[in-house]
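Have a look at it first, and then we'll go through it piece by piece.

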Amino acid sequence: MSEAEELLSTPAEWDLPPERHRHFKDVLMQQIDHDTAVTPRRSRFLRPAVLVPLASAALAGALLVTLSVDGRGPATGPAPSATTAGASVTLNRIATAAMASDTVRVRDDQFVFVRTLVRENMGDFSGPVRLGALHTEERWTSQEPGPLRVTGWIKASGKDAIMPDQMLPIESPDPRPAGVDHPTYRWLASLPTDPDALLARLRKEARPVEGESRDQAVFSLIGDLIGGTIMPPANAAAFYKAAAKLPGVREIPDAVDAAGRHGIAITLDDTGFATRDEWIFDKETLALLGSRFYVTDPDRGITTETLFGTTAVMQTAVVGGKGEVPARAAAR
């Protein structure tokens, strides 16, 4: 059985780390390209991505749509309008705000709940970007150290949501211990709070794909961790200070998340890839608001940088079990 066939015949992984998503996506895309005599393309996810379980052949098309939010090709077009001088200063200001935030402790028997607004590409992987409707995703991440095969649960709702209103497991074929693939509060609290030591650790943990710089892989890994978890204030501050040390980080003075909220964005340009992601923060409180993701792919007719996904983190809380929903917090 080929690796592509294995992917389609085994339970899908709902919350793979970005590097593993990229690997399986490449396998599937290359198998499709081989079958259709099309030159393979490198590609990767820039937001925590979702693979739907292939309960029927009809869902294979949905999988391809979900897998195809990104194309990879030579980086072209002008650099984004951004300033480099302020990025380090802003990230250190964000770190200071994070350090001053309230400590929220999470026990091993609890779940971290995150409600996110999402708007993503629904277009064909060989064609132009077509952004779908804004919809909601709710995730419950287990804090058990594991190893676990089911590390959490996810439910999407609204137009263009994949398998709407169904509670589905975040599952992997192999049990995962706490770590970058299953970031529990306890594991995050064990990481170094010295930014240099943390950056060295992240450089070891990140797994860049072919042609990707390690700095870009680290930037993406930090983005995944700050956007979907709860951690002690000192650890959150260390992540932002570590990001400030990455060469090429840039500040964008005004960016808008999926909820329409304006903020300051931090991005990192990597000329080895044709994609770029942004972290968006509130201009006053410096709290994380959401993300935006861009692509340039001449092979698909996308010759200028094009938005292909945006998110907004609306609520993060600690709950006692899967499916438990806290009272809705006021939008930031």
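Ile266 in turn has a bridge partner in E7, namely Trp279. Keep in mind throughout that this is a predicted model.

**Around E6**

Another facing pair here is Val256 and His262, the latter in E6. E5 and E6 make a hairpin, with five residues between the two strands. In that turn you'll find Gly260, which has a positive phi of about 85°. On to the next neighbour: E6 and E7 are also antiparallel, with five bridges joining them.

Is E6 enclosed or open to the outside? Six of its seven residues are buried, so E6 is largely enclosed by the rest of the structure.

Now zoom out. Those strands are part of an open sheet of nine strands, paired antiparallel, in the order E4-E3-E2-E1-E9-E8-E7-E6-E5. Its edges are strand E4 (168–176) and strand E5 (249–256), each of which pairs on one side only. Going from one strand to the next, the twist averages 25°.

Elsewhere in the sheet, strand E1 (residues 111–120) runs antiparallel to strand E2 (residues 135–142), and eight bridges join them. In this pair, Val112 sits opposite Thr141 in E2.

**A helix on the sheet**

Which strands does H7 touch as it packs on the sheet? They are E1, E5, E6, E7, strand E8 (288–297) and strand E9 (302–319). The direction of H7 makes about 40° with that of E7.

H7 is mostly covered, with 12 of its 14 residues buried. Among the buried ones are Phe219, Leu221, Ile222 and Leu225, but Asp215, Gln216 and Asp224 are on the list too. At 1.5 Å a residue, the 14 residues of H7 should span 20 Å, and its end C-alpha atoms are 20 Å apart, so the two agree.

**The cores**

Leaving out residues up to four places away in sequence, Ile222 touches Leu202, Phe239, Ala243 and Trp279. Ile222 is also one of the residues that touch the most other members of the largest nonpolar core, along with Leu91, Phe239, Tyr240 and Trp279. That core has 37 residues. Helices H4 (85–99), H5 (185–189), H6 (195–205), H7 (214–227) and H8 (233–244), plus strands E6 (262–268) and E7 (275–282), each supply at least two residues of this core. The largest share, eight residues, comes from H8. Apart from this core lies another one, of six residues, including Val106, Val114, Tyr185 and Val313.

**Details in the loops**

A few spots have backbone angles to look at. A cis peptide bond joins Gly146 and Pro147, with omega at about 10°. Pro147 is in the loop between E2 and strand E3 (148–157).

| Residue | Loop | Phi | Relative accessibility |
|---|---|---|---|
| Asp165 | between E3 and E4 | about 65° | 56% |
| Leu286 | between E7 and E8 | about 65° | 9% |

Which of them is buried, and which is exposed? With a relative accessible area of 56%, over the 50% cut-off, Asp165 is exposed. Leu286 counts as buried, at 9% relative accessibility, which is under the 20% cut-off.

Back in the sheet, Met314 is found in strand E9. Met314 counts as buried because its relative accessibility is 17%, under the 20% limit. Met314 and Gly290 are 24 residues apart in sequence, and their C-alpha atoms are 8.6 Å apart in space.

**The chain overall**

The chain's secondary structure comes to eight helices and nine strands. Of its 332 residues, 54% count as buried. Among contacts in the chain with a separation of 6 or more, 62% are between residues 24 or more positions apart. The chain exposes about 14000 Å², and carbon and sulfur atoms supply 54% of that area.

Conventions: Residues are numbered from 1 along each chain as its sequence is written. This is a predicted model: local features need pLDDT of at least 70, side-chain atom pairs count only at pLDDT 80 or more; totals for chains, interfaces and linings use all residues. Side-chain values use heavy atoms; hydrogens and water are left out. A nonpolar core is a set of buried Ala, Val, Leu, Ile, Met, Phe, Trp, Tyr and Cys residues joined through side-chain atoms within 4.5 Å. Buried means under 20% relative accessible area, exposed over 50%, partly exposed in between (1.4 Å probe, protein chains only). Helices (H or I, at least four residues) and strands (E, at least two) are DSSP runs, numbered from the N terminus. Contact means heavy atoms within 4.5 Å. Two strands pair if DSSP finds at least two bridges between them. Axes are lines fitted to C-alpha atoms, for helices over the stretch in contact, and angles run from 0 to 180 degrees between N-to-C directions. The expected span of a helix is 1.5 Å times one less than its number of residues. Accessible areas come from the Shrake-Rupley method with a 1.4 Å probe; for residues, only the protein chains shown count as cover.
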